[in-house]
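Here is a short briefing on backbone geometry. Look at the structure first, then read the points below.

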Amino acid sequence: MASLRLFSTNHQSLLLPSSLSHNPLTSSSPRFVKNPIRRSPIRSVLQFNRKPELAGEKPRIVVITSGKGGVGKTTTTANVGLSLARYGFSVVAIDADLGLRNLDLLLGLENRVNYTCVEVINGDCRLDQALVRDKRWSNFELLCISKPRSKLPMGFGGKALEWLVDALKTRPEGSPDFIIIDCPAGIDAGFITAITPANEAILVTTPDITALRDADRVTGLLECDGIRDIKMIVNRVRTDMIKGEDMMSVLDVQEMLGLSLLGAIPEDSEVIRSTNRGFPLVLNKPPTLAGLAFEQAAWRLVEQDSMKAVMVEEEPKKRGFFSFFGG
Ligand code: ADP
Ligand code: MG
């Protein structure tokens with residue numbers, strides 16, 4: 001048997017004020033749930049009592065991108081975004097995926113999106129009317145670029161998104177701490193629009209060769225656009241497949257892409273369950289391993305930290321998955 005340990009380069013314990021450790025609203029009844037609470041011995045980092053220290057200038061404008069579709073960008077945006085809000089930071093998440101908008105669904109906010117950026121730009125509504133405030137965490141707001149299945153109007157590009165981001169910065173209540181942008185798949189106009197206002201990026205990839213090729217291409221494009229701070233999240237990691245040498249290890253992925261690691265998220269059926277409930281994983285109590293991994297990735301994002309993780313094998317003579325996460 002092997003045990004998995006994840007180490008952050010920052011060895012301080014993950015602590016938060018006790019006032020942040022309780023959210024009475026997480027017990028609200030989500031959609032389609034028979035038994036919302038899955039018993040597990042895992043404990044959330046939110047139970048501790050230190051808040052992560054915000055590194056870098058506010059607002060941090062982070063694009064969550066991948067190249068390949070279906071690797072977990074929207075899942076990451078929802079879970080990292082809500083973790084940041086739970087740490088006490090104000091967050092605006094922008095769904096820049098046009099025809100395939102689904103961040104609102106993951107967050108359970110789909111019935112509350114009345115206006116989008118397109119209406120704001122056209123002058124049909126105010127910016128605050130297009131911002132949907134999460135009822136569970138009021139310091140988290142969602143902004144959608146356009147209605148589902150609609151095409152981006154001519155003239156709506158990077159400059160328009162930059163204008164909206166500037167408007168968010170100069171709101172009367174002050175600039176948010178984080179603006180996170182859920183990028184569409186591909187490298188066409190929607191991608192260019194989404195990355196334009198960003199000054200840092202989280203590249204989400206799965207440990208498979210097609211996702212890696214796209215991720216590598218996207219890294220080059222981000223660098224060309226002047227985004228130098230690029231960290232990666234490796235999603236849907238399966239230790240059983242890595243053990244059987246059927247899946248690349250996170251260390252392999254890191255060596256291939258040459259990026260610092262923000263988090264490694266295990267494959268977890270609870271992700272799909274939480275997607276269907278519109279109740280992001282990090283709000284589960286007690287959290288699952290994947291939820292914890294997202295919380296910790298958010299912590300590292302705040303502190304501009306990165307992680308180094310190793311697979312600790314209890315039968316050291318066997319080769320194979322020592323390099324699972326890399327030492
Ligand atoms: P993208 O935004 O990159 O297209 P999504 O976040 O929509 O990808 O995720 C695609 C699918 O993969 C969703 O059904 C989601 O529930 C599932 N998924 C994402 N991450 C995981 C994970 N760690 N474990 C299991 N399923 C996952
Ligand atoms: Mg998506």
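Predicted model: local features only at pLDDT ≥ 70, side-chain atom pairs only at ≥ 80, totals over all residues.

Helices and strands here are DSSP runs, numbered from the N terminus; a helix has at least four residues and a strand at least two. Most residues other than glycine have a negative phi, and most peptide bonds are trans.

**Cis peptide bonds**

- Lys 285 and Pro 286 are joined by a cis peptide bond. Its omega is about -10°.
- Lys 58 and Pro 59 are also linked by a cis peptide bond. Here omega is about 0°.
- Where does Pro 59 lie? Pro 59 is in the loop between strand S1 (2-8) and strand S2 (60-65).

**Positive phi**

- Arg 236 is not a glycine, yet its phi is positive, near 60°. Arg 236 belongs to strand S8, which covers residues 229-237.
- Gln 304 is not a glycine either, and its phi is positive at about 50°. Find Gln 304 in the loop between H11 and strand S10 (307-313).

**Exposure of the positive-phi residues**

- Gln 304 has a relative accessible area of 35%, so Gln 304 is partly exposed.

How values were computed:
Residues numbered from 1 in each chain as written. Chains lettered and ligands numbered in written order. Heavy atoms only, no water. Buried < 20%, exposed > 50% of the residue type's maximum accessible area, 1.4 Å probe, protein only.
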